Amino acid sequence: MAALGSTWYAQRIKPKEDGGANAEHGTVDYFSLNIRRTSLDENGKAKNLLVAPVLTHYIDDDRTDLTTPVYTMFSKEDNPPWVVSSEHGTIRPDGTIALEGAVLIQRDTDRNGRAIRVITSNAVVDPSRDYAETADPVEVVSDPDFLSGKGAQVHFGDQLKITILSNVRRKHDVR
């Protein structure tokens with residue numbers, strides 16, 4: 001009889017094994033402070049770096065929220081890295097990063113003497129393709145050029161390609 005009582009008691013106190021399948025919406029399963037995540041390329045060289053003061057992962061929808069994230073993409077050649085920063089970010093289950101609020105994309109002066117700043121809001125970065133896009137207004141500043149419009153697709157890398165989707169305006173200062 002003691003064995004039967006022990007079995008009954010053990011079943012009542014053992015933890016559930018559903019792994020959080022019935023977690024409430026917004027249930028945090030882990031968080032980190034002052035994260036620095038570096039991804040390497042096939043040669044062991046830094047490919048990108050993600051820095052954020054607060055990272056919070058939610059188990060119910062497998063999303064990871066970031067406070068003031070800074071995402072850096074390193075060049076395969078001698079060009080300076082692309083640095084993307086925003087007020088808030090979310091790493092989605094598919095690996096894309098949704099950036100919310102003000103978004104700044106910049107690259108210091110490259111070997112051709114051109115620095116670039118892209119100012120927008122609410123963008124999505126796809127690290128696997130070195131690509132970003134937004135449907136919001138955008139400004140591209142690369143002295144002496146200034147572009148503006150609504151919506152943009154940015155293909156990073158050493159062969160930069162920025163496509164502004166509508167209402168395109170360009171100003172070129174002649175010096």
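The charged end of Arg129 sits over the ring of Tyr131, 4.3 Å from its centre. Here "over a ring" asks for NZ of Lys or CZ of Arg within 6 Å of the ring centre and within 35 degrees of the ring normal. This is a predicted model, where local features need pLDDT of at least 70, side-chain atom pairs count only at pLDDT 80 or more, and totals for chains, interfaces and linings use all residues. Residues are numbered from 1 along each chain as its sequence is written, and side-chain values use heavy atoms, without hydrogens and water.

**Charge over ring**
- Arg63 also places its charged end over a ring, that of Tyr58, 4.0 Å from the centre.

**Strands** (DSSP runs of E, at least two residues, numbered from the N terminus; two strands pair if DSSP finds at least two bridges between them)
- β7 and β8 run antiparallel, joined by 7 bridges.
- Arg117 stands opposite Val141 in β8.
- The hairpin of β7 and β8 has 4 residues between the strands, and Asp130 takes a positive phi near 50 degrees there.
- β8 and β9 are antiparallel too, over 10 bridges.
- A hairpin through 2 residues joins β8 to β9.
- Glu133 has Gln153 in β9 as its bridge partner.

**Cavity** (points on a 1 Å grid over the protein atoms alone where a 1.4 Å probe fits but cannot get out; lining residues have an atom within 4 Å of a point)
- The count is 1 cavity of 30 Å³ or more.
- Residues lining the largest cavity include Ile105, Glu133 and Gln153.
- β8 gives the largest share of this lining, 4 residues.

Conventions: On a 1 Å grid over the protein atoms alone, a cavity is a set of points where a 1.4 Å probe fits but cannot get out, and a pocket is an open set with protein on both sides within 12 Å along at least five of seven lines; lining residues have an atom within 4 Å of a point. Grid points are joined across faces, edges and corners, and a volume is the space filled by probe spheres set on the points.
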